[in-house]
Amino acid sequence: VLPLIVDGKLFKKSDGSIHRYKGVTGFQLLNLFERNLDIDSFLSTFNRSNTIRIFWYTPKKEWGDKYWDLPSAENLIKFHGYVADKGFYIENTCATDNDTTKVQDIKNLITLLNQANLPNVLYEAVNEPYVKGPDDKLDPAIFKNLLNASPYPYTSGVYQYEYLDKFYGKYAVDHSPRDDEWVRKCKDLEDYVGQFRVPAVQDEPIKPSDAGFNVLDYYTYGAGSGLFGSGCLFHYLAGELGELPASNDLDCYNAMMDGLDIFPLDACLGQYE
């Protein structure tokens, strides 16, 4: 794994080669690692990916007895080193609710990670800010100064059109609508690339279980995300807990990874007509 830099609308590795984001949901993977549980099965299953999206914690009020708390700084850094050896970047989603008592602890983790000189760190300040209203999640602006000082690529997590004035970051993420036209919505990356002039990825599309396990749709969505932006992520229900996919989930995953390989890595630089 080589450190990532942002070069205009593209991710690039430190050797100058273009990087395409090929993600998978593994929200609880860091927590499983911290508890000395097996994560190697997950990593080997998704070896066509190069990025895992994790949540640092989840709120008990929403996740019930499946919730987990913030990691220790030591384990956060060890986890990054462990998965880097396996070939993975980590998209760290730092805040997942509106609990202000967690703000300082989150800031402390960001500060220590900034100083750790790791090759595989990406930040997403807040998961889905403003989606359920202005106060449903912590304000991403709380973390802006720390992330601006970071050596790693980062994004605020803001993607709601009516709140785009609050966007900041070196790259953009989108959670495209989960409707009957969801496959076409990969094209929304073109809007973020065009408006903010940064790389953009789809990092939480519809789950196969909600989309009829349509393999061709996942192939097409992967291809479109590589055409209009810098890639996408495979999101599935069991992945939220770091669990392995069912066979029909895995069929959709492999189709998406196939699609991500179709277009040239710099395709999003082309003129859209």
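K102 and D99 form a salt bridge, with 3.5 Å between the closest N and O atoms. A salt bridge here is a side-chain nitrogen of Lys or Arg within 4 Å of a carboxyl oxygen of Asp or Glu. The model is predicted: local features need pLDDT of at least 70, side-chain atom pairs count only at pLDDT 80 or more, and totals for chains, interfaces and linings use all residues. Residues are numbered from 1 along each chain as its sequence is written, and side-chain values use heavy atoms, leaving out hydrogens and water.

- D99 is partly exposed, at 23% relative accessible area. Buried means under 20%, exposed over 50%, and partly exposed in between (1.4 Å probe, protein chains only).
- Salt bridges with shared partners join R53, E91, E124, R178, D203 and E204 into one network.
- The whole structure holds 16 salt bridges.
- K102 also meets D69 in a salt bridge, at 3.8 Å from N to O. D69 sits in the loop between α3 (60-63) and α4 (73-85), and K102 in the loop between β6 and α5 (103-114), so the pair ties together parts 33 residues apart in sequence.
- K102 counts as buried at 16% relative accessibility. D69 counts as partly exposed at 43%.
- E124 and R53 form a salt bridge, their closest N and O atoms 2.8 Å apart. This pair links distant parts of the chain: E124 is in strand β7 (residues 121-126), R53 in strand β5, 71 residues apart.
- Both E124 and R53 are buried.

- Helices (H or I, at least four residues) and strands (E, at least two) are DSSP runs, numbered from the N terminus.
- β5 covers residues 51-55, and five of its five residues are buried.
- T51, R53 and F55 point one way from β5, while I52 and I54 point the other way.
- Two strands pair if DSSP finds at least two bridges between them. Strand β4 (residues 21-25) runs parallel to β5, joined by three bridges. G23 has T51 as its bridge partner in β5.
- β5 also pairs in the parallel sense with strand β6 (residues 89-95), over five bridges. There, F55 stands opposite T93.

**The three-stranded sheet**

- An open sheet has the order β1-β2-β3, with antiparallel pairing. β1 (4-7) and β3 (18-19) stand at the edges with a single partner strand each, so one side of each has no neighbour in the sheet.
- Strand β2 (residues 10-13) pairs with β3 over two bridges, in the antiparallel sense. F11 stands opposite H19 in β3.

**Pockets**

- On a 1 Å grid over the protein atoms alone, a pocket is an open set of points where a 1.4 Å probe fits, with protein on both sides within 12 Å along at least five of seven lines; lining residues have an atom within 4 Å of a point.
- The largest pocket holds about 260 Å³ of space. Volume is the space filled by probe spheres set on the points, which are joined across faces, edges and corners.
- Its lining has 14 residues, with E62, N127, E128, K132 and K137 nearest the centre.
- That lining divides into five nonpolar, two polar and seven charged residues. Ala, Val, Leu, Ile, Met, Phe, Trp, Tyr, Cys and Pro count as nonpolar, Asp, Glu, Lys and Arg as charged, and the others, Gly among them, as polar.
- The second largest pocket holds about 220 Å³. E190, C268, G270, Q271 and Y272 are the closest to its centre among its 13 lining residues.
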